[in-house]
Amino acid sequence: MSEAITQRLESTARQIRRHIIAMTHAASSGHPGGSLSAADMVTALFFKEMRIDPQNPQWPDRDRFVLGKGHAAPVLYAALAERGFFPAEELKGLRQAGHFLQGHPDMKKVPGVDMSTGSLGQGLSAAVGMALGLRLDNKDARVWAILGDGELQEGQVWEAAMAAAHYKLDKLAIFIDDNGLQIDGPVKEVMSSYPIVDKFQAFGWNVIEIDGHSMTAILEAIETAKAVTGRPTCIVSHTVKGKGVSFMEDQVGWHGTAPNAEQAAIALKELQ
Amino acid sequence: MMKKIATRDAYGRALAQLGGEKADVVVLDADLAKSTKTIDFAKVYPDRFFDMGIAEQNLMGTAAGLAAVGKIPFASTFAMFATGRAFEQIRNSIAYPKLNVKIAATHAGITVGEDGASHQTVEDIALMRVLPNLTVIVPADGPETEGAIRWAAEHKGPVYIRLGRLGVPVINDEASYQFTPGKAVTLRQGKDVSLIATGLMVSVALEAAEALAAEGIEAEVLNIHTIKPIDAEAILDSAARTGCVVTAEEHSVIGGLGSAVAEVLGEGQPVPMGRVGLKDTFGESGKPDELLKKYGLTADAVANAARRAMARKG
Ligand SMILES: Cc1ncc(C[n+]2csc(CCOP(=O)(O)OP(=O)(O)O)c2C)c(N)n1
């Protein structure tokens, strides 16, 4: 991958992180921690990989994206706005009554959102259905999803993982945002979902392990996933919750707390 | 002896026909294809049939994903597991995003019989009717099932269709029956009491009306095949003319048809009312007919409730 492309994407990811801070601050609520940890993966998908058309959000041949960890809606909305699905101005409306940017992704309200999520564990099933349906129509569109490492505690994820391998869904690939934290504490203390790699391998998936904040690694993993046939791919991304904002990094408390004016100002400065 | 057919059989038949007419119809099951009769579709269109294994939550979620890319999925399993195990998946992945999923749930009610209470859902109408965007249909017989399935395939939006295992009398004309969603079917006109029934209790209500007629009581019989949106107009109109109402359903009297009708009457036309159904109890193992008798889902019980309701008229 050329240096220039990687740098451009890194700069976009920074911009998306700034949006995440600004919009959760404006809303005085929302989930900055898990949005920041997913920002690099989301950027790679929306600004490099996925074939989507902001002018035609319902384009039938488009690639699909499912945010399993729907509470990270700010990262998705920021990417959609930057990508031109709606004006970045609108991000301020997050979570406000009457505004279309719901607290969790709503496919009926937000252009570019392919699946409504928010209840953890349901996203991968929808992605499986999309991959099955697109294959029936002989489309070469791909389906991407991002799941949390805490989300893996939901049994439905493993039902879907089993089905994806059983039906050999090689156009389906997911990222696990392995930031090690959930609400009540570290994932390994609350209810360990590890080892994630072994589990997905045992379920018949192709598994890749990467640094989820290395743009180069993310882009390479995407290429590897696309080259695999006969099974779905799981990219286990080691990430840091709150990534990019010093006082939010690796802090459980920033899962679902919005920054106040002072904190937002510091965070935005750090993200310049 | 009236011809009988289980609504699940009519479902399988309708699916297999639809498969040939609509290329976007896909069918999912959770390891019960022979029981739910989706096997009839699977045999003819194996590429469009997905057995999701014993995983009802993923069954519903996968159906949602298929709908999101333009397919018309029929997701089937026993009503117990469809609505109980996967309630939140239906709510959040199907009803809330208004996805075009058809949930065809078989083996509803106590007439699933010998398997007992763990398999006898008498709560599913209550669970499904509370969900916005979801149309809830309980066909009374085979022709109505086929009509409902065909309509559901055309309709854009989520639909729940409650089906049974037991053979039930064919009360609608197979050749001419037209399913009209949301419209009650008046099967018999009368001026003394309205018998409002759904599912297999429709034929039982007709029997009750026959018995009442022998006493000179003219009972009106309404078949409410669409529980939601319910035909409030027909209910209010009938209640205004007869002055009392009895509901009948193979479901708990809490939250099902009886509650839905009570809501309509309470707001629009309060009249004396009786509800025939399971009285806040689980079922048990037994032959369907024995269970219907034990739990008071008989023509006698409906007729008695009618007499009681009439006695309370002003
Ligand atoms: C079914 C369900 N249960 C509980 C919640 C509440 N909840 C929101 S986020 C969260 C923790 C998620 O942890 P993880 O998947 O690791 O996400 P991340 O740390 O990346 O934000 C929980 C429990 C939910 N949204 N859905």
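This is a predicted model: local features need pLDDT of at least 70, side-chain atom pairs count only at pLDDT 80 or more; totals for chains, interfaces and linings use all residues.
1. A:P195 is found in the loop of chain A that runs between α6 (187-190) and α7 (196-202). The peptide bond leading from A:Y194 into A:P195 is cis, its omega being near -5 degrees. Most peptide bonds are trans.

2. Chain B also has a cis peptide bond, which joins B:K228 and B:P229 with an omega of about 0 degrees. B:P229 is placed in the loop between β12 (226-228) and α10 (232-242) of chain B.

3. Most residues other than glycine have a negative phi. A:S28 sits in the loop between α1 (3-27) and α2 of chain A.

4. The next matter is the ligand. Which residues are closest to the ligand? Of the 17 residues that surround the ligand, the closest are A:K69, A:H71, A:G150, A:L181 and A:K241. By residue class, the shell around the ligand consists of 3 nonpolar, 9 polar and 5 charged residues.

5. The side chain of A:K69 has an N or O atom 2.6 Å from an oxygen atom of the ligand. For A:H71, a polar side-chain atom is 2.7 Å from an oxygen atom of the ligand. At A:G150 the backbone is involved, with a polar atom of the backbone 2.9 Å from a ligand oxygen atom. On its own the ligand has 590 Å² of accessible area, and the protein covers 77% of this.

6. The two chains meet at an interface in which 26 residues of chain B contact 24 residues of chain A. Together the chains bury about 2000 Å², and 58% of this area is on carbon and sulfur atoms. B:N58, B:V69 and B:Y96 contribute 26% of the area that chain B buries against chain A, more than any other three residues.

7. How many salt bridges are there between chain B and chain A? The count is 1. B:K71 forms a salt bridge with A:D137, in which the closest N and O atoms are 2.5 Å apart.

8. On the side of chain B that touches chain A, the elements giving two or more residues are β3 (49-51), α4 (56-68) and α6 (87-95) of chain B. With 9 residues, α4(B) gives the most to this side. The residues of this side of chain B comprise 11 nonpolar, 8 polar and 7 charged.

9. Over all chains, the structure holds 26 salt bridges. One within chain A pairs A:R51 with A:D140, their closest N and O atoms being 3.2 Å apart. This pair links distant parts of the chain, the two residues being 89 residues apart. A:R51 belongs to the loop between α2 (32-49) and β1 (64-67) of chain A, and A:D140 to the loop between α4 (123-136) and β2 (143-148) of chain A.

Key:
Residues are numbered from 1 along each chain as its sequence is written. Chains are lettered from A and ligands numbered from 1 in the order in which they are written. Side-chain values use heavy atoms; hydrogens and water are left out. Contact means heavy atoms within 4.5 Å. Buried area is the accessible area (1.4 Å probe) that two parts lose on being put together, summed over both. A salt bridge is a side-chain nitrogen of Lys or Arg within 4 Å of a carboxyl oxygen of Asp or Glu. Helices (H or I, at least four residues) and strands (E, at least two) are DSSP runs, numbered from the N terminus. Ala, Val, Leu, Ile, Met, Phe, Trp, Tyr, Cys and Pro count as nonpolar, Asp, Glu, Lys and Arg as charged, and the others, Gly among them, as polar. A residue is near a molecule or strand if one of its heavy atoms lies within 4 Å of it. A polar contact is a pair of N or O atoms within 3.5 Å; within protein, one must be able to donate a hydrogen and the other to accept it, and residues adjacent in sequence count only if both atoms are side-chain atoms. Accessible areas come from the Shrake-Rupley method with a 1.4 Å probe; for residues, only the protein chains shown count as cover.
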